[in-house]
Amino acid sequence: MLELNMRFRLVALFFLSSIHLCSLVQSICSRGCGLALGSYYISPGNELDPISQYMNTNINSILQYNRGTITNQDSVQSFIRINVPFSCECINGDFLGHMFSYTVRSQDTYGLIASERYANLTTVEWIQRFNSHPVNRIPDVNTTINVTVNCSCGDSSISKDYGLFVTYTLRSGETLDSVSSVAKLSSNLMRSYNPDANFDVVNSLIYIPGRDENGNYPPLTTSSGD
Ligand SMILES: *[C@@H]1O[C@H](CO)[C@@H](O)[C@H](O)[C@H]1NC(C)=O
Ligand SMILES: *[C@@H]1O[C@H](CO)[C@@H](O)[C@H](O)[C@H]1NC(C)=O
Ligand SMILES: *[C@@H]1O[C@H](CO)[C@@H](O)[C@H](O)[C@H]1NC(C)=O
Ligand SMILES: *[C@@H]1O[C@H](CO)[C@@H](O)[C@H](O)[C@H]1NC(C)=O
């Protein structure tokens, strides 16, 4: 009886530690994937030039991923989303993201940088995490700060058909079904890629399979995802 009890404990211990090991392995990335897209919501007054500066890219690169959406690059339509390309890296071996270099402008606050400059693709907490500056004091104009935006490289256990992902911030009124329907993908697939996302909370970040410059879904390759 004693021996049985002991054996049970050993099995339980082994079981628990393997779960622990799994979650440990899953939370650590070893590499990124060249490309991700950020879904940037255009508020009135936004222009491509400043957006390309915030996102450390150029207007031509943005245009490539928004054929048919951006008709006039000098005056981009408001209340639409555009996809902005950036490289998705494994940061500190911890998570997939990109650290943008942002030059502080007058009247900036961390809140304004997160919600307006980066269209809620990041949060105040997530910006502060990667900056040595004091939490409540925004650094001087023209100094640079790190702004980190998360990304995804896909998941071979879900599908090998999707190897490019859009980091997408939910807006008020958007749901799992509405986002899936706009993307013309099933809600099940969308849920699989976002198992922990709360689709009822405004500004939740989700990852949606994205299309390349030619409008195709690039498949997962061995160099992207795992
Ligand atoms: C970001 O979220 C805040 C709070 O919900 C909202 O007021 C703001 O308009 C959002 N920014 C954009 C670009 O939609
Ligand atoms: C980015 O990902 C990390 C690790 O999963 C998470 O802790 C963090 O809250 C995420 N940031 C945002 C803005 O969602
Ligand atoms: C931005 O991140 C880099 C790399 O992690 C770090 O060396 C630098 O000090 C950070 N910048 C600020 C303003 O904290
Ligand atoms: C910030 O840089 C811009 C462009 O280089 C310059 O015109 C402006 O005077 C600078 N502002 C401050 C406060 O240094």
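Predicted model: local features only at pLDDT ≥ 70, side-chain atom pairs only at ≥ 80, totals over all residues.
1. Ground rules. Local features need pLDDT of at least 70 and side-chain atom pairs count only at pLDDT 80 or more, while totals for chains, interfaces and linings use all residues; side-chain values use heavy atoms, with hydrogens and water left out. Residues are numbered from 1 along each chain as its sequence is written, with chains lettered from A and ligands numbered from 1 in the order in which they are written.

2. Helix α4. Have a look at residues 110-117, where Tyr110, Ile113, Ala114 and Arg117 are buried (under 20% relative accessible area, 1.4 Å probe, protein chains only). These residues lie on the same side of α4 because they cover an arc of only 120 degrees around the axis, taken from the directions from the helix axis to the C-beta atoms. Helices here are DSSP runs of H or I with at least four residues, and strands are runs of E with at least two, numbered from the N terminus.

3. What packs over α4. The cover on its buried residues includes the strands β1 (33-41), β3 (95-103) and β4 (144-150), along with the helices α2 (48-54) and α5 (124-128). Contact means heavy atoms within 4.5 Å. After α4 comes Ala119, with a positive phi near 45 degrees.

4. Ligand 1. Ala119 turns up again here, among the residues around ligand 1, together with Tyr41, Ser43, Ser115, Asn120, Arg171 and Asn203 (a heavy atom within 4 Å). Oxygen atoms of ligand 1 lie 2.4 Å from a side-chain N or O atom of Asn120, 2.6 Å from one of Arg171 and 3.0 Å from a polar side-chain atom of Asn203. The protein covers 61% of the 360 Å² of accessible area that ligand 1 has on its own (Shrake-Rupley method, 1.4 Å probe). By class, this shell has two nonpolar, four polar and one charged residues.

5. Ligand 2. Around this ligand are Thr123, Trp126, Asn150 and Leu205. A polar side-chain atom of Asn150 is 2.3 Å from an oxygen atom of ligand 2. Protein cover amounts to 53% of the 360 Å² of accessible area that ligand 2 has on its own. The shell has two nonpolar, two polar and no charged residues.

6. Asp161. This residue sits in the loop between β4 and β5 (165-169). Leaving out residues up to four places away in sequence, Asp161 touches Tyr217, Pro218, Pro219 and Leu220. Asp161 and Thr221 are 60 residues apart in sequence, with 9.2 Å between their C-alpha atoms.

Definitions and conventions
Buried < 20%, exposed > 50% of the residue type's maximum accessible area, 1.4 Å probe, protein only. Polar contact = N/O pair within 3.5 Å; in protein donor to acceptor, adjacent residues only side chain to side chain. Nonpolar A, V, L, I, M, F, W, Y, C, P; charged D, E, K, R; others polar.
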